[in-house]
Amino acid sequence: ASTASAQGAAHRILVASNRGPVSYEVREDGSLHARRGGGGLVSGLSAIGPDAGALWVCSALGDGDREAVRRGVAEEGVRMLDIDAEVHADAYNGIANSVLWFVHHMLYQTPLEPVFDAEFRRRWAAYETYNRAFAEALADTAAEGAVVIVQDYHLCLVPGMLRELRPDLRIGHFSHTPWAPPEYFRMLPDDIRAQLVWGMLGADRLGFLTWRWAHAFMICAGQTDGERIFPSWPSGDPRRAVDHTPTGGPPLRSTEIGVHGLGADADFLRRRAHEPDVDERMAALREQIGEGRRTIVRVDRTELSKNIVRGLLAYRQLLDDHPEWHERVVHVAFAYPSRQDLAVYRDYTAEVQRLAEEINSRYGTPGWTPVVLHVKDDFARSLAAYRLADVALVNPIRDGMNLVAKEVPVVSDEGCALVLSREAGAFEELHEDAIEINPFDVTGTARALHEALTMPAHERAERTKRLAAAATALPPSRWFLEQLHALEALDGTQPS
Ligand code: G6P
């Protein structure tokens with residue numbers, strides 16, 4: 001029996017995520033200005049068309065969004081939840097970004113962190129409240145038997161909460177991050193681990209970007225509440241699922257595990273990369289780089305897991321070891337602001353800037369700036385850099401996928417050598433034609449940069465073609481439809 005309220009329960013396909021497809025800004029004259037975001041989910045959802053009855057449930061994130069909710073300004077197909085700002089901050093900054101993100105990306109400096117104390121428990125309560133607000137909004141607006149796909153580590157508890165409210169729904173969850181290795185996941189307090197795993201297992205199906213992350217989840221799940229959770233792996237069973245008996249014993253339920261390696265959106269990128277604003281930025285970048293020089297490009301959020309500091313150290317070592325590159329190469333590094341509410345991100349941003357300046361003052365000459373660092377987000381300029389790069393450096397210490405590694409080969413004008421961390425999800429699909437690095441090995445990374453810079457042009461071009469083919473194998477539209485169809489195809493007769 002459904003508890004959906006008759007009024008709003010019209011939607012057949014629902015997506016839930018912290019950050020939605022649109023954000024609002026209050027202009028000086030008081031008017032609201034809407035800005036649409038990009039990303040795989042936005043283009044993926046567009047594949048189902050406007051008439052499919054889809055609804056995207058997301059958080060109101062800033063003052064502009066909250067104002068939009070108050071004024072009842074809503075984009076068609078989007079519902080923003082105006083969750084109390086403090087609850088949101090504790091859930092988003094306090095748990096999602098500083099605990100769950102850290103666990104999945106292995107970012108803790110473990111001699112001192114993490115500390116799971118009363119303050120952590122207080123924030124955890126906010127994370128529960130925040131997840132409950134999503135579960136209730138979804139329960140209110142989903143049609144009987146609708147499909148709901150919940151996104152990411154912000155909303156791990158939603159599948160379980162939603163199943164209790166609406167057992168008729170088909171619930172999916174997709175993780176855009178890695179999943180922690182079991183030893184790391186076990187740092188979380190046991191009751192919290194169990195809540196996370198049971199929250200996720202409330203879904204009929206869990207999606208991951210690679211099998212590496214999917215298997216990590218299955219092992220972590222198997223170690224939680226061992227008597228009641230049974231991953232059907234690595235038994236040789238081709239079916240990937242986690243069977244479980246909820247509290248109170250049988251019946252056994254099953255959560256299917258699927259992998260969908262989100263690819264780059266070739267049509268969009270190729271079109272966008274040839275618009276006039278991108279050409280303008282190419283000209284400006286060429287001027288900054290200087291005539292006849294090689295270019296090593298990186299584009300990231302200034303994110304701890306992206307390993308920007310070791311990237312700069314490797315570039316510095318390249319200049320130390322190979323003086324022949326002086327005056328002949330420029331490192332174009334775009335490090336866009338991210339999560340600046342967290343002190344550790346602000347410190348990291350400062351360190352990136354300090355190191356770039358140090359390299360420039362140590363090696364630079366009046367006519368040559370070795371590192372060109374830009375910190376203001378500008379997508380057109382990123383595309384311009386992708387087009388003219390000779391080498392792309394993608395060296396995360398751990399990354400769910402990394403779309404930059406997939407986007408560069410698609411838009412590169414003349415071929416670009418890809419130096420790629422083996423800890424990025426994208427490595428699984430791109431390893432044959434990328435230059436592999438261990439992201440912690442600065443000397444090895446410097447060597448890989450040298451190898452990339454000296455790769456013959458024809459080889460670079462050929463590898464880039466193959467990389468582009470692999471990178472676009474699963475465009476966002478198919479990535480989304482695959483998940484949708486897999487959920488629709490599930491036998492709806494499971495015990496709830
Ligand atoms: C990662 C997460 C996304 C998130 C993005 C940007 O890719 O998987 O869910 O939206 O980072 O982070 P932010 O905290 O700015 O939303």
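Predicted model: local features only at pLDDT ≥ 70, side-chain atom pairs only at ≥ 80, totals over all residues.
Residues are numbered from 1 along each chain as its sequence is written.

The C-alpha atoms fill a box of roughly 75 × 60 × 45 Å along the principal axes. The protein chain has 18 helices and 17 strands, where helices (H or I, at least four residues) and strands (E, at least two) are DSSP runs numbered from the N terminus. Of the 496 residues, 47% count as buried, meaning that 20 or more other C-beta atoms, placed from the backbone, lie within 10 Å of the residue's own.

Let me turn to the sheet. An open sheet is formed by 6 strands in the order β14-β13-β12-β15-β16-β17, with parallel pairing; two strands pair if DSSP finds at least two bridges between them. At the edges stand β14 (371–374) and β17 (435–437), each with a single partner strand, so one side of each is left without a neighbour in the sheet. From one strand to the next, the twist averages 20°.

Within this sheet, β12 (residues 294–301) and β13 (residues 329–336) run parallel and are joined by 8 bridges; Val 297 stands opposite Val 332, and Val 299 has Phe 334 as its bridge partner. Because 7 of the 8 residues of β13 are buried, that strand is largely enclosed by the rest of the structure.

Which helices cross at roughly 65°? They are α11 (residues 308–321) and α16 (residues 442–453), whose axes come within 8 Å; axes here are lines fitted to C-alpha atoms, for helices over the stretch in contact, and angles run from 0 to 180 degrees between N-to-C directions. The residues in contact (C-beta atoms, placed from the backbone, within 7 Å) include Leu 313 and Leu 318 of α11, and Val 442 and Leu 449 of α16. By class, this contact has 7 nonpolar, 4 polar and 2 charged residues, where Ala, Val, Leu, Ile, Met, Phe, Trp, Tyr, Cys and Pro count as nonpolar, Asp, Glu, Lys and Arg as charged, and the others, Gly among them, as polar.

Key: Buried ≥ 20, exposed ≤ 12 C-beta atoms within 10 Å, placed from the backbone. Contact = placed C-beta atoms within 7 Å.
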